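Please look at the sequence and the 3D structure shown below. The questions that follow go through the parts of the model one by one.

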Amino acid sequence: MRLSELLAPTLREVPAEAEVISHILMLRAGMIRKVASGVYTYLPLGYRVIKKVIEIIREEMDNKGGQELMLPIIQPAELWLESGRWNVYGDELFRLRDRHGRDFALGPTHEEIITDLVRNEVRSYKQLPLLLYQIQNKYRDERRPRFGLMRGREFIMQDLYSFDRDEAGLELSYRKMYEAYSRVFSRCGLKFRVVEADPGAIGGSSTHEFMVMADSGEAAIVFCESCEYAANVEKAEAVVDEQTSAEEMLAWEEVSTPGARSIEEVSSFLKVDPQRIIKSLVYQTEDGIVLALVRGDREINEVKLQNVLDSLRLFMADERSVAELTGAEPGFAGPVNIKGVRVIADQEVMLMRNAVTGANKTDTHIINVNPGRDFIPDKVADIRLVKAGDPCPRCRGKLSEARGIEVGQVFKLGTKYSKALGAKFLDENGKEQLMVMGCYGIGVSRTVAAAIEQNHDDDGIIWPMPIAPYHAVIIPVSAKDKDQMKIAESLYISLTAQGVEAVIDDRNERPGVKFKDADLIGFPLRIVIGSKAVEEGVVEIRHRRNGNVQTAKIESAVPLIKKIVEDEIAESLA
RNA sequence: CGGGGUAUAGCGCAGUUUGGUAGCGCGUUCGGUUCGGGACCGAAAGGCCGCAGGUUCAAAUCCUGUUACCCCGACCA
C-alpha cells in the first residue's frame, strides 16, 4: 500500500470528543470516525486491525472444532418472548417494527437464534457436541456509550455457543473455550487475567471474565498476591475470619444523635469505631422494600444483594419510601423493631456485639444492639464488597485491587435456554434430554481498544506485531530523491513478495511529518531510506516499541525484516 | 434516567456579558524556496454560527422550544 493513496486522515490535535487514550489515538491515527454516539466507521487501517483479531479468533475457534456460521442481526420478537427476555432485557434492546407491525430486535446476543436453529436441526445425541460460532455486529442501546470502541452501541463480537449432552460435556467445552480464549488474547499481545465473575442476567452457573489490565478499565477486580485466585469485585467472596467477640451483651438503649446520619457523623458523634456501627441501607425491589445490613466500615455489594434476593431490579429507595418505612428521615434506619421489610444481614454483622444502629426515629440511634437478640434477619449472607487488603477466600493471602477491561467472557449456561426454547435430543436409550449449553464471547472491537490502552506512548500506538495493520512502513526521506525512491520501491516490492505487510510512505512530505505519522499509526517497524542508503547501501530499521535502531545492507534487509516479523509473531504464541 | 457542560470552516478554538452582518491557529488548494522528527514566503478555497420559532430597523449574540454530542453518576448479555 502507498500512503499517498491510503485513506488514513491523521489528526494533529486531540479531538474534543475523546477522553481515553485508545479513543484519542484511533481518531488521530485515522482508524475510526464517529457516526453517532457509540457508532463508528472503521477506516482502512482500523478495519485491518479488526480483521487481524478476527482471523486470530477464527484460527483458535477452528482449532477447537468450532464451526463458523452467520446469524441474523434482525431477530423476531417471538423468539425473545419465548425465552422470556423480550420483557426482561429492557431498554438496552434495540427494537424495531416492520411495515406489517411485527416487532423485531437488533441482536444484542444470539442465544435465542442459535437455540432455535439447533432445536430444529439437531435430534440425536450422535450430533453432539456442537460448537457453533459467529463474528459480527451486535447491538445494545447502552444508556451511556463511552470511550470510543470500548463501550459502543454497535460493536463487533465473536460468540460461540456449545451444545452438549450433559454437564460433563459442557465442562469439556468450557475448558476448550477457556484455553482458546487465553490463546487469542495472548496472541493479540495483551496482558490479561482470567477472573471469576457474576453470571448476571444471562443466567447459568460458572463464568469467567478475561480482563485486560488497564487503569482506564471499567471493571474492578481483586486478585490474590499468593495464589491464583482472581475475581471481579462483583463476585469476590468475603472471608469472615473474626470470631464472635466474648464481650458481654448490654441492654440496648436509644441515644440522641442530632444531625448524625452518615457512618462518619455517627462515629465521631458517639465516639465509636465505624466497625461497631451497623450500616442499614434501604433498597427497593420488584418484591418490595429490603433493609440490607453491613458493618459500618464496609461497602455493600449490590450484585451480591441482588443475587441473594433473586431480584431483577434493585435500587436504593428514595427518601419518601425510607420515611414511610421508618417513620424517620433518611440516615436513621435500623433493623430493630422494623416491620414490613425483609432484612438481609451480611455475615459479618452477626458477629457484632453491642453495636450502634439507627432507631427509625429522626436524630436517634440505638446503642448496644446485638444481632440475634435484638433483631433476627430474614437472611444472613455475604453481601459486602471485597477490597484490597482483605484475605483471599482460597488461601488467606492478601488481596490486591486492579482495574480491567472485560474483553471476553465464558459462561456455563446449563439448560436455561434449552428448557425455555425446547432444545432436546434423544439419547442412546431413546429418552428425550435437554441440551446443556455454554456461551462464550469476545468483544472484538473492544479488544482492539484494549490493545491500544496497553500498547502506546506519547507519540502514538505501538501495535503488537500480530495485530498491527501493517508490519512495516518504508520511509524514503525525500520522495523527490529518485535514488531513494528507487531503493524504497524495490524494498517494498520484495518485502510484499516475501509476505511482509508493508506500506511505503511515498508522500511528498517532509521527513518529520512522515516520522510523526508512522509513530502515531504505530507500525511495529520503520525502514528509513536516506542518503546513506544511496551512498553506502544501508537502510535503517527502527523498532517502534523500544526505539532501537539497527542498520542493514540493502541486500540483507528483506530476510532480516522478515525474520523480525516472524519472530515477533511466533513469540506471541509462546 | 439524575446532575454538569458544549454546539461557530475538515480539526482545535475566540467572538455571545455590552445585538451592527464572522475571526485565529492547524489542515486543504495553487506558486515558489526548503527537505532526517509536525518548514518558510505569497496567493486562495472553505461557514444554513446545531435546528425551529420569537423580539428587533438589525440576532452567532437576547427570549422560548427542540435536537445532537461530551463528562460524572446510576445501569450493563
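Q: How many Å separate the centres of domain 2 and domain 3?
A: In this predicted model, chain A is assigned domain 1 (44-236 + 401-450), domain 2 (253-381) and domain 3 (470-573), with bounds that come from an automatic or database domain assignment. Taken over C-alpha atoms, the centres of domain 2 and domain 3 are separated by 66 Å.

Q: What conventions apply to the numbering and to the values?
A: Residues are numbered from 1 along each chain as its sequence is written, while chains are lettered from A and ligands numbered from 1 in the order in which they are written. Local features need pLDDT of at least 70, side-chain atom pairs count only at pLDDT 80 or more, totals for chains, interfaces and linings use all residues, and side-chain values use heavy atoms, with hydrogens and water left out.

Q: Which element gives the most residues to the surface near RNA strand B?
A: A residue is near the strand if one of its heavy atoms lies within 4 Å of it, and of the 39 such residues Arg-140, Arg-144, Met-157, Asp-519 and Arg-526 come nearest. Helices (H or I, at least four residues) and strands (E, at least two) are DSSP runs, numbered from the N terminus. With 7 residues, the element that gives the most to this surface is α13.

Q: How far is a base oxygen of RNA strand B from an N or O atom in the side chain of Arg-151?
A: A polar contact is a pair of N or O atoms within 3.5 Å, and a polar side-chain atom of Arg-146 lies 3.4 Å from a base nitrogen of RNA strand B. For Arg-151 and a base oxygen, the distance is 2.4 Å.

Q: How many charged residues does the surface near RNA strand B have?
A: Asp, Glu, Lys and Arg count as charged, Ala, Val, Leu, Ile, Met, Phe, Trp, Tyr, Cys and Pro as nonpolar, and the others, Gly among them, as polar. By class, this surface has 14 nonpolar and 3 polar residues, and the number of charged residues is 22.

Q: What percentage of the residues of chain A count as buried?
A: Buried means under 20% relative accessible area, computed with a 1.4 Å probe on protein chains only, whereas exposed means over 50% and partly exposed lies in between. Of the 574 residues of chain A, the buried share is 53%.

Notes: A polar contact is a pair of N or O atoms within 3.5 Å; within protein, one must be able to donate a hydrogen and the other to accept it, and residues adjacent in sequence count only if both atoms are side-chain atoms.
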